[in-house]
Protein chains: 2
Amino acid sequence: MVTSLLRRYGLEVVFKAVVGDQEDRIARVLQQASLEAALVVVTGGLGPTKDDRTRSAAALMTGSKLATDPKVLSWIEEMYARRGARMPTTNAVQAEVLPGSEVLFNQRGTAPGVRFGYNGATFFLLPGVPREAEGLLQQELQPWLEDRFPRTRVQEHELRVACLPESLVEERLEPLYQRFGAEGVAVLAKPGEVLIRVRSVDAGGSAEMAAMVENLLGDAVFSRAGESGASPTLEATVLTALAAAGEGLTTAESCTGGLIGQRLTSVPGSSAHYLGGAISYSNELKTAMLGVDPAVLSQYGAVSRETAEAMAVGAVGRFGSEWAASVTGIAGPGGGSSEKPVGTVCFGLVGPSVCRSDCLLFPGDRERVRLQASQYCLDLVRRELSGLAPRSETPWMVTSNAGGRTE
Amino acid sequence: MVTSLLRRYGLEVVFKAVVGDQEDRIARVLQQASLEAALVVVTGGLGPTKDDRTRSAAALMTGSKLATDPKVLSWIEEMYARRGARMPTTNAVQAEVLPGSEVLFNQRGTAPGVRFGYNGATFFLLPGVPREAEGLLQQELQPWLEDRFPRTRVQEHELRVACLPESLVEERLEPLYQRFGAEGVAVLAKPGEVLIRVRSVDAGGSAEMAAMVENLLGDAVFSRAGESGASPTLEATVLTALAAAGEGLTTAESCTGGLIGQRLTSVPGSSAHYLGGAISYSNELKTAMLGVDPAVLSQYGAVSRETAEAMAVGAVGRFGSEWAASVTGIAGPGGGSSEKPVGTVCFGLVGPSVCRSDCLLFPGDRERVRLQASQYCLDLVRRELSGLAPRSETPWMVTSNAGGRTE
């Protein structure tokens with residue numbers, strides 16, 4: 001959060017350090033930071049507990065003594081009162097203030113922030129709880145930056161790609177590096193997703209870079225954003241496409257065990273187009289919840305294109321949605337066989353004019369297989385909703401009946 | 001992972017830094033680290049992409065030149081061949097080796113690690129992908145530590161607490177601080193869970209500290225571990241209790257949307273005692289999947305103890321499990337009212353001799369409310385399975401019929 005805010009004002013982070021809860025070490029790291037940079041942003045260590053040492057470390061560094069500020073103390077007591085609680089005695093320490101510093105009143109918690117100057121640098125001490133830090137970044141650091149570094153020159157775009165391995169993305173991006181160099185391009189991979197961030201200090205440059213990325217990677221790019229903020233997640237992209245179509249989705253999950261539902265419902269307002277679904281982890285529940293024929297399970301196995309398709313067909317039929325996506329696979333570490341090794345995952349998708357199933361083999365451990373499976377499943381829905389051709393370039397595909405239109 | 005491995009050998013991390021993908025900056029940070037410590041562990045920047053600069057930064061620091069090692073190159077090509085793929089040309093750069101260094105062959109990926117000595121310090125360069133780094137930590141760093149720092153003196157215990165706020169935990173731990181001091185106690189909070197780590201450099205000490213924590217926090221402690229490893233998660237604890245009882249659990253999730261199922265199924269082998277469940281996000285699905293009476297929904301609302309109980313009753317009845325837990329709530333940001341504000345979440349639990357429902361009001365945003373709800377739900381199951389009295393000290397409780405035994 002801090003880095004991305006600073007980047008918007010063209011400020012580069014030259015030193016980042018993580019330090020334990022020892023006063024003297026924290027003081028030395030802060031001192032070092034004041035030599036490296038004109039602005040030092042610190043998070044954490046402002047809470048009420050014994051291992052919250054940032055206040056006293058700042059006092060040690062500046063050679064001053066903390067003193068309780070009655071105004072701050074009553075502010076904290078009020079924060080508790082508003083929630084109908086009394087302030088625990090331990091929290092009084094949060095009202096101890098560095099002489100000559102400015103207290104930054106935290107609207108989202110009880111730990112006040114601090115701003116002070118030392119050794120030619122300006123220090124912002126912020127709480128460690130992410131949403132409290134976020135509040136003070138917006139309320140205090142952003143206006144401070146706005147005054148000093150009017151935004152003009154730095155431009156940034158980001159794009160996200162689903163279901164392509166990082167090394168394949170890199171190979172494709174070669175022409176981008178040749179034209180713009182590597183300095184302004186960052187490629188960040190997580191299971192089943194690659195985020196590409198392009199950056200230019202001359203206005204206009206990054207838009208051109210982003211367009212080139214789109215050209216090179218084609219419809220594997222599912223999300224993009226300019227300076228305005230972060231690019232939408234895959235789950236948010238799917239929900240936007242469902243909203244555009246005015247249609248609803250349900251899910252039938254076996255090996256992902258609710259991961260896809262959890263991702264979709266993490267998006268505020270998802271209830272408008274995601275109705276819910278089945279976590280049909282056992283064979284019995286595949287039959288009871290989705291009406292999968294026991295004969296299909298015994299003939300083809302729980303992890304098969306046939307079962308995946310029957311799960312999706314069952315979800316559409318029983319849950320009354322236009323779309324249903326299903327996942328059944330072997331996430332490991334146990335349960336694999338030579339015919340269906342760990343990492344084998346089958347997917348079904350049923351929509352207004354499609355009924356298809358794919359079977360893939362993902363690398364990695366249980367967590368990685370499940371994450372990749374959730375990505376593939378959501379991307380399957382996105383591609384169908386966007387009228388894209390079936391995916392041809394995923395290196396993990398084993399079998400597919402991707403053509404199976406029902407119209 | 002690195003810190004926790006080092007800690008087991010009594011080694012303290014004195015300096016941690018994060019640095020961008022610029023060769024000269026990385027080289028300066030490595031140089032600085034070599035002055036601060038005798039062992040420097042570096043992760044990341046060994047991949048095939050343009051922003052992977054750790055190899056060349058190490059060459060810059062040591063004043064030497066990287067050279068392709070044919071043995072390493074063919075090892076990487078073999079890694080790809082075993083997966084049935086060709087090596088992308090970009091990966092050849094991973095075979096460039098620092099003169100005088102030892103290559104650490106990575107069994108889990110294509111980026112080799114490196115070990116070398118410089119400026120009196122030993123450097124381990126490891127890949128950034130966590131499971132690849134983990135592999136080399138076990139395979140290379142651990143034996144190296146074992147040789148030099150036989151484990152004797154450091155002892156550590158950790159304990160986990162569910163559904164108590166951090167400040168309440170701190171208040172209760174006051175006698176621990178008074179007796180043992182604050183230096184060896186770390187308290188780490190995340191939504192709905194607090195982890196307490198106690199550490200002693202004299203054998204025996206931390207066991208005594210852990211026993212005192214148990215005394216002070218009582219049955220809110222759900223998990224503990226000695227030196228042997230990490231303490232089990234709440235989901236693993238629930239599955240262990242189900243296994244001990246020889247009973248099965250299903251779930252019925254509304255506002256958590258699959259989060260609880262996802263957590264349970266993240267544990268290998270969970271299928272033995274977690275059967276699956278319903279993501280009944282819409283009212284229609286609460287009725288279709290769980291048989292919740294539409295009259296209950298319209299009379300009490302979807303977020304009510306009555307609906308929560310009906311969801312759990314429906315899950316036990318339809319899915320054939322001994323236990324069922326349900327969640328229905330308002331995660332926000334929209335959907336709140338003055339009577340049922342954002343953060344209101346109701347829970348149902350049905351077991352062999354219990355049928356109960358609770359309604360709580362959690363602070364925080366959508367993500368935080370959902371995480372706390374998943375914690376409360378899992379802890380409800382744990383407590384009932386362990387025969388503990390209904391929870392009395394959660395500050396977020398609104399109403400409960402916690403006594404409702406069905407025997």
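Biologist: What should I know before we start?
Modeller: This is a predicted model, where local features need pLDDT of at least 70 and side-chain atom pairs count only at pLDDT 80 or more, while totals for chains, interfaces and linings use all residues. Residues are numbered from 1 along each chain as its sequence is written, chains are lettered from A in the order in which they are written, and side-chain values use heavy atoms, with hydrogens and water left out.

Biologist: How many residues does the contact take from chain A and chain B?
Modeller: Counting contact as heavy atoms within 4.5 Å, chain A gives 64 residues and chain B gives 63 residues.

Biologist: And how many salt bridges are found across that interface?
Modeller: There are seven, if a salt bridge is a side-chain nitrogen of Lys or Arg within 4 Å of a carboxyl oxygen of Asp or Glu. One pairs B:Arg86 with A:Glu171, at 3.5 Å from N to O.

Biologist: Switching topic, which residue forms a salt bridge with B:Glu235?
Modeller: That is B:Arg263, with the closest N and O atoms 2.7 Å apart. B:Glu235 lies in helix H8 (residues 234-245) of chain B and B:Arg263 in helix H9 (residues 259-265) of chain B, so the pair ties together parts that are 28 residues apart in sequence; helices here are DSSP runs of H or I with at least four residues, numbered from the N terminus.

Biologist: Are B:Glu235 and B:Arg263 buried or exposed?
Modeller: Both B:Glu235 and B:Arg263 are buried, meaning under 20% relative accessible area with a 1.4 Å probe, protein chains only, whereas exposed is over 50% and partly exposed lies in between.

Definitions and conventions: Helix = DSSP H or I, 4+ residues; strand = E, 2+ residues; numbered from the N terminus.
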